[in-house]
Amino acid sequence: MRVLVIGSGGREHALCRSLAADPQVTEVHCAPGNAGIAQVATLHPVAPADPASVTGLALELGADLVVIGPEAPLVAGVADAVRQAGVPCFGPSREAARVEGSKAFAKEVMVAAGVPTARSRTCVTPGEAAAALEEFGTPYVVKDDGLAAGKGVVVTGDRDEALRHAAACGRVVIEEFLDGPEVSLFALCDGSTAVPLQPAQDHKRAYDGDRGPNTGGMGAYTPLSWAPDGLADQVMAETVLPTMAELARRGTPYTGVLYVGLALTSKGPKVIEFNARFGDPETQVVLDRLRTPLASLLLACANGTLAEAGPLSWHDGAAVTVVVAAENYPGEPVRGDVIEGLSEVAGNAYVLHSGTARDGDRLVSAGGRVLSVVGTGPDLPAARAAAYEAVGHVRMRGSHHRTDIAAGGL
């Protein structure tokens with residue numbers, strides 16, 4: 001198989017790494033990729049959210065499968081264009097990707113499908129926002145209706161801050177706060193059949209102790225020994241399959257990965273959000289644990305044959321990833337800082353690149369989340385120790401990372 005991956009972050013590096021290790025895959029290409037992805041794939045300077053450019057590259061390469069990593073190309077209709085050109089594509093259509101592209105649409109689908117989720121209101125005026133805040137009370141949860149790179153949600157006890165965020169976004173979803181720990185579950189979907197991957201937990205806040213603003217994710221780990229038995233089966237029955245059925249009823253069957261962000265509340269699992277693609281940085285740890293070859297799974301989703309794929313298998317042990325971020329992230333990050341020490345990472349750890357580039361012979365930062373450092377081991381303490389030992393070798397001026405990733409899992 002010749003596979004083309006679209007995107008340039010740590011999620012895409014994890015996908016390319018797993019695909020390159022699949023014996024069925026003969027070539028891995030990535031557009032546009034990054035400095036780390038270049039070690040396992042051939043890079044192409046194509047705009048990922050341009051349907052014509054991506055389709056043209058897929059045809060030029062003779063790709064057997066296109067895998068779309070980020071949300072923006074999906075919302076832009078890249079998967080539709082690739083499929084229309086006759087190339088199998090892993091990723092939902094533009095219409096189906098609205099489950100991430102519009103929080104209001106996602107809530108509408110959840111309600112129609114009977115999915116357990118928070119009560120909410122869609123607001124476009126300051127008056128509507130104020131009334132919704134009053135209805136649901138504190139902590140206030142205000143979500144930008146559109147794409148916001150994981151940073152469009154404000155959870156606060158400050159009413160003025162909540163109103164300011166609502167005003168800055170224009171159209172928002174305001175909802176009741178869901179108590180309990182958060183869990184990410186990815187479900188591979190082919191339009192009618194769905195298979196869950198191993199649950200993981202993301203750490204979204206910028207700083208230790210879950211303090212600071214929301215980010216795209218500062219670290220993740222799997223498995224979750226504290227999660228209820230049968231969690232994945234319950235979420236598939238109560239959330240994923242009803243959502244797929246509702247989308248199919250609307251004429252937009254869902255093909256790709258459905259990311260279910262959950263809160264394990266005192267009343268059971270409830271959906272916080274849907275995403276239309278693999279989560280970053282959860283993908284980095286979930287794919288590390290997946291033993292089943294990845295390419296055949298993604299192609300089965302694209303071709304509607306997932307029911308024939310058989311049960312998934314997983315490596316024993318655990319994986320932890322710690323994100324090394326640039327100075328000032330999640331604000332406007334400082335770019336161009338030299339990265340050193342990666343050659344010193346060894347043993348049960350490795351580094352996936354998220355926002356890197358080459359400046360001559362130097363590796364430099366080129367984004368907010370710069371690296372995902374993955375540690376593995378026979379159990380969570382060993383995996384966590386491996387990850388943080390490896391982080392200690394990374395040298396980049398002004399960088400920061402959380403020191404408590406997976407601490408709750410211990």
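Modeller: A residue is called buried when its relative accessible area is under 20%, exposed when it is over 50%, and partly exposed in between. The model discussed here is a predicted one.

Biologist: How many of the nine residues of strand β23 (residues 369–377) are buried?

Modeller: Strand β23 is largely enclosed by the rest of the structure.

Biologist: Which residue of β23 is the bridge partner of V323?

Modeller: Strand β18 (residues 318–325) and β23 run antiparallel and are joined by eight bridges. Within β23, the residue that partners V323 is S372.

Biologist: And in β23, which residue is the bridge partner of H353?

Modeller: Strand β20 (residues 349–353) is also joined to β23, by five bridges, and these two strands run antiparallel. For H353, the bridge partner in β23 is L371.

Biologist: At what distance does the side chain of H13 reach the backbone nitrogen of H353?

Modeller: H13 is found in helix α1 (residues 10–20), and with a relative accessible area of 4% it falls under the 20% limit, so H13 counts as buried. Leaving aside residues up to four places away in sequence, H13 touches G36, I37, V40, V351, L352 and H353. From the side chain of H13 to the backbone nitrogen of H353, the distance is 2.8 Å.

Biologist: Is D145 buried or exposed?

Modeller: D145 forms a salt bridge with R171, with the closest N and O atoms 3.1 Å apart. The pair links distant parts of the chain, D145 being in the loop between β7 (140–144) and β8 (153–156) and R171 in the loop between α8 (159–169) and β9 (172–175), 26 residues apart. R171 counts as partly exposed at 38% relative accessibility. For D145 the value is 10%, which is under the 20% limit, so D145 is buried.

Biologist: What is the N to O distance in the salt bridge between the side chains of R121 and E135?

Modeller: E135 forms a salt bridge with R119, where the closest N and O atoms are 3.9 Å apart. Because R121 lies in strand β6 and E135 in helix α7, their pair ties together parts that are 14 residues apart in sequence. The N to O distance between R121 and E135 is 2.9 Å.

Biologist: Which residues are linked with E108 in a network of salt bridges?

Modeller: Side chains of opposite charge can pair when their charged atoms come close. In the model as a whole, the count comes to 23 salt bridges. The network that includes E108 also holds E246, R249 and R250.

Biologist: Which residue follows α6 and has a positive phi?

Modeller: Eight of the eleven residues of α6 are buried, so the helix is largely enclosed by the rest of the structure. The buried residues, among them F105, V109 and M110, pack against α5 (98–101), β6, β7, β9, α9 (231–249) and β17 (268–275). The residue after α6, with a phi near 75 degrees, is G114.

Terms used
Residues numbered from 1 in each chain as written. Predicted model: local features only at pLDDT ≥ 70, side-chain atom pairs only at ≥ 80, totals over all residues. Heavy atoms only, no water. Buried < 20%, exposed > 50% of the residue type's maximum accessible area, 1.4 Å probe, protein only. Helix = DSSP H or I, 4+ residues; strand = E, 2+ residues; numbered from the N terminus. Pairing = 2+ DSSP bridges. Polar contact = N/O pair within 3.5 Å; in protein donor to acceptor, adjacent residues only side chain to side chain. Contact = heavy atoms within 4.5 Å. Salt bridge = Lys/Arg side-chain N within 4 Å of Asp/Glu carboxyl O.
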